[in-house]
Amino acid sequence: MGSTYFVYAAILVIAVVQVIVAITMGPSLWRMLVLAAIQAYLAVMFFMHLRDEKPSLRLALIPGTLFVLIMMNMIWADSFRLMVMKPFAK
Amino acid sequence: MSQADVAIQTVPVHSVGDHGPVHAPVMEERPFAIPSSKLVMWLFIISDACTFGAVLFAYGYLRNSAADWPRVFEPASIWNSLLMTFILVSTSLTVLLALKTAQAEDRAGAFRWTMITAAGGVLFMLLHIREWLSLIGQGARLFQNPWGAPMFGAVFFSITGLHMAHVLAGVIALTVVGLSYKAGRYAALHIEIWALYWHFVDLVWMFVVPLVYLLNMKR
């Protein structure tokens with residue numbers, strides 16, 4: 001449980017850092033995403049104990065999920081096109 | 001290696017019946033060395049991660065294409081979201097303590113930690129409802145608000161509502177599992193499976209706070 005307490009503290013510290021960074025430097029999407037990804041990694045590996053499972057389980061779960069999430073990025077092209085048209089502008 | 005992790009390897013049993021030799025079914029070794037119920041929870045989690053991913057991408061799409069996306073969250077809302085993060089991450093710790101005590105066959109202890117986790121979930125929901133009521137009080141509705149892009153309300157209430165529904169489901173499941181474990185009907189594995197779900201709910205919140213709250217902070 002020792003590493004669990006450390007991870008618990010680390011996730012909370014990152015959450016506080018996220019808020020401080022957003023207030024002082026502005027909430028940059030990439031800064032927010034990187035910090036959230038670190039939190040998620042810690043939660044999945046240590047809280048959900050994925051690091052203790054067989055590598056085959058990690059291989060079965062992680063690449064497929066990441067692939068689907070990465071493929072969702074194809075919407076941005078259309079989103080940027082709409083930036084010019086501004087459909088919700090008053 | 002726990003008992004649950006031991007792969008099933010059944011040696012075929014040959015016996016002679018009335019109609020010749022009988023072969024007992026040969027069970028294949030578990031490829032991931034985890035119980036199938038735990039694997040099902042993992043599969044649910046990755047499919048649910050894609051659901052939340054799709055909802056967050058849809059939010060990004062709408063936010064990016066709107067000219068006047070509102071930035072409405074006051075510092076009070078930001079600190080409230082931080083408090084909610086603290087509560088949810090702490091319940092991830094308490095559910096791990098529930099699992100540890102369950103694996104040590106301490107049924108009363110596991111029940112206590114499971115109920116503390118569920119109580120944390122209820123507290124989280126109460127804080128969230130307070131946040132909702134505050135926004136509704138300021139005029140936010142599903143398809144209109146006084147600040148800008150009308151889809152803001154739909155996005156905010158959909159994402160946080162979907163997450164809150166998951167928290168509610170987790171609270172109910174943990175309560176049922178905790179009570180059943182205490183009564184001796186469930187094993188530590190059941191707590192482990194729902195602990196996985198609870199951690200996932202926590203994980204989703206780690207993305208909701210920066211993307212929904214911090215990016216829409218009033219400056």
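Predicted model: local features only at pLDDT ≥ 70, side-chain atom pairs only at ≥ 80, totals over all residues.
Local features are reported at pLDDT of at least 70 and side-chain atom pairs at pLDDT 80 or more, whereas totals for chains, interfaces and linings use all residues. Residues are numbered from 1 along each chain as its sequence is written, and chains are lettered from A and ligands numbered from 1 in the order in which they are written.

Chain B contains 5 helices and 2 strands, where helices (H or I, at least four residues) and strands (E, at least two) are DSSP runs numbered from the N terminus. Along the sequence, these elements of chain B follow the order β-β-α-α-α-α-α. Of its 219 residues, 37% count as buried; a residue is buried if 20 or more other C-beta atoms lie within 10 Å of its own, exposed if 12 or fewer, and partly exposed in between, with C-beta atoms placed from the backbone. Two residues are taken to be in contact if their C-beta atoms, placed in that way, lie within 7 Å.

The contact between the two chains draws 41 residues from chain A and 40 residues from chain B. On the side of chain A that touches chain B, at least two residues come from each of α1 (2-25), α2 (29-47), α3 (55-71) and α4 (75-85) of chain A. This side of chain A comprises 31 nonpolar, 6 polar and 4 charged residues, where Ala, Val, Leu, Ile, Met, Phe, Trp, Tyr, Cys and Pro count as nonpolar, Asp, Glu, Lys and Arg as charged, and the others, Gly among them, as polar.

Packed helix pairs were examined in both chains. Two packed helices are described by the angle between their axes and the distance between the axes. Here the axes are lines fitted to C-alpha atoms, for helices over the stretch in contact, and angles run from 0 to 180 degrees between N-to-C directions. In chain A, α1(A) packs on α2(A) at an angle of about 170°, with the axes 10 Å apart, and α1(A) is therefore roughly antiparallel to α2(A); angles under 35 degrees count as roughly parallel, over 145 as roughly antiparallel, 65 to 115 as roughly perpendicular and the rest as oblique. The crossing of α1(A) and α2(A) is left-handed, a term used if the near helix is turned anticlockwise from the far one by less than a right angle, with right-handed used if clockwise. Residues of α1(A) in this contact include Val7(A), Ile11(A) and Ile14(A), and those of α2(A) include Leu35(A), Leu42(A) and Phe46(A). By class, the contact of α1(A) with α2(A) holds 14 nonpolar, 4 polar and 1 charged residues.

In chain B, helix α2 (residues 75-103) and helix α3 (residues 107-137) pack at an angle of about 165°, with their axes 8 Å apart, so α2(B) and α3(B) are likewise roughly antiparallel to each other. Their contact has 14 nonpolar, 12 polar and 1 charged residues, and the crossing of α2(B) and α3(B) is left-handed. Glu105(B) is placed in the loop between these helices, α2 and α3 of chain B, and is exposed, with 10 other C-beta atoms within 10 Å. The C-alpha atoms of Glu105(B) and His128(B) are separated by 35 Å, although the two residues are 23 residues apart along the chain.

The largest nonpolar core has 69 residues, of which Leu99(B), Ile191(B), Trp194(B), Ala195(B) and Leu214(B) touch the most other members; such a core is a set of buried Ala, Val, Leu, Ile, Met, Phe, Trp, Tyr and Cys residues joined through C-beta atoms within 7 Å. Two or more residues are given to this core by α1 and α2 of chain A and by α1 (36-65), α2, α3, α4 (151-183) and α5 (188-213) of chain B, with α5(B) giving the most, 19 residues. Leaving aside residues up to four places away in sequence, Leu214(B) touches Gln18(A), Val19(A), Ala22(A), Pro27(A) and Met32(A) of chain A, together with Ile78(B) and Val209(B) of chain B.

Ala49(B), in helix α1 of chain B, counts as buried because 21 C-beta neighbours lie inside 10 Å. Ala49(B) and Phe200(B) are 151 residues apart in sequence, and their C-alpha atoms are 8.4 Å apart in space. A positive phi of about 60° is found at His49(A), which is not a glycine and which lies in the loop between α2 and α3 of chain A.
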